[in-house]
Amino acid sequence: MDGCRLDVRCQFEVLVSLALICFQVSRRLYECLFVSVFSTTASMHLLHYVMGMYFYTAIGPTALLTIDHCPHEPEVCGTEYGLLYLIKWYHIAGLVTFVWSTWHQHRCHRILADLRSPCATGNHSTSLYSIPQGDWFELVSSPHYLAEVLIYASLVLFTGGHNHGFFLVLVFTILVLLLSARQTHHWYLSKFENYPKRHVMFPWMW
């Protein structure tokens, strides 16, 4: 590459993208271990497990594709550029979207965990369940899935749309979560006669 500024900006996007991915994976691990309350009768299909392992293994290297797809901008080598000069509007928009959607996903996971009522042993009951209320649950049945989609959409936005790998990750996430959200919505409808009118995953759309 001939543009020095291009190299620095690409490195900046790769490093920040990797940091965001590490934060996302670490937060989800923390929530699985210390926040979520799983049913003792629940199980995961082997294919779903394998897909999840592959997804989180591949998402990190995907950030490196940014280097191969950076737009060429003619710049003069040897010039020093400050951080503020390197940041574009889509970097800020991507970071804001990431933080916003991450916060809402965590809140929704907290709401789901709190639905398990304490039993006599002092632990959470895994058999009792009620209609989730609050935050994005007032709009859709699976707001945590909506937040997941927005989180990966923020990576596409942060890299200016020139990382094609993140596009594939986003499409894969949408397709998988659409199926899960549809099943969840139908479960709520069959479980609760008084279930409020909500969309499946996308507010005012589906």
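Me: What makes up the largest share of the lining of the largest pocket?
Reply: That share comes from α7, with 11 residues, where a helix is a DSSP run of H or I with at least four residues and numbering starts from the N terminus. The model is predicted, so that local features need pLDDT of at least 70 and side-chain atom pairs count only at pLDDT 80 or more, while totals for chains, interfaces and linings use all residues. Residues are numbered from 1 along each chain as its sequence is written, and side-chain values use heavy atoms, without hydrogens and water.

Me: Why is this space called a pocket?
Reply: On a 1 Å grid over the protein atoms alone, a pocket is an open set of points with protein on both sides within 12 Å along at least five of seven lines, whereas a cavity is a set where a 1.4 Å probe fits but cannot get out; lining residues have an atom within 4 Å of a point. The largest pocket has a volume of about 2100 Å³, and among its 43 lining residues the closest to its centre are Arg28, Phe38, Met44, His48 and Tyr145.

Me: How do you know which residues of that lining count as nonpolar, polar or charged?
Reply: Ala, Val, Leu, Ile, Met, Phe, Trp, Tyr, Cys and Pro count as nonpolar, Asp, Glu, Lys and Arg as charged, and the others, Gly among them, as polar. The lining of the largest pocket therefore divides into 23 nonpolar, 16 polar and 4 charged residues.

Me: What makes up the lining of the second largest pocket?
Reply: Its lining includes Met51, Tyr54, Phe55, Gly165 and Phe172, and α2 gives the largest share, 6 residues.

Technical notes:
Points joined across faces, edges and corners; volume = space filled by probe spheres on them. Helix = DSSP H or I, 4+ residues; strand = E, 2+ residues; numbered from the N terminus.
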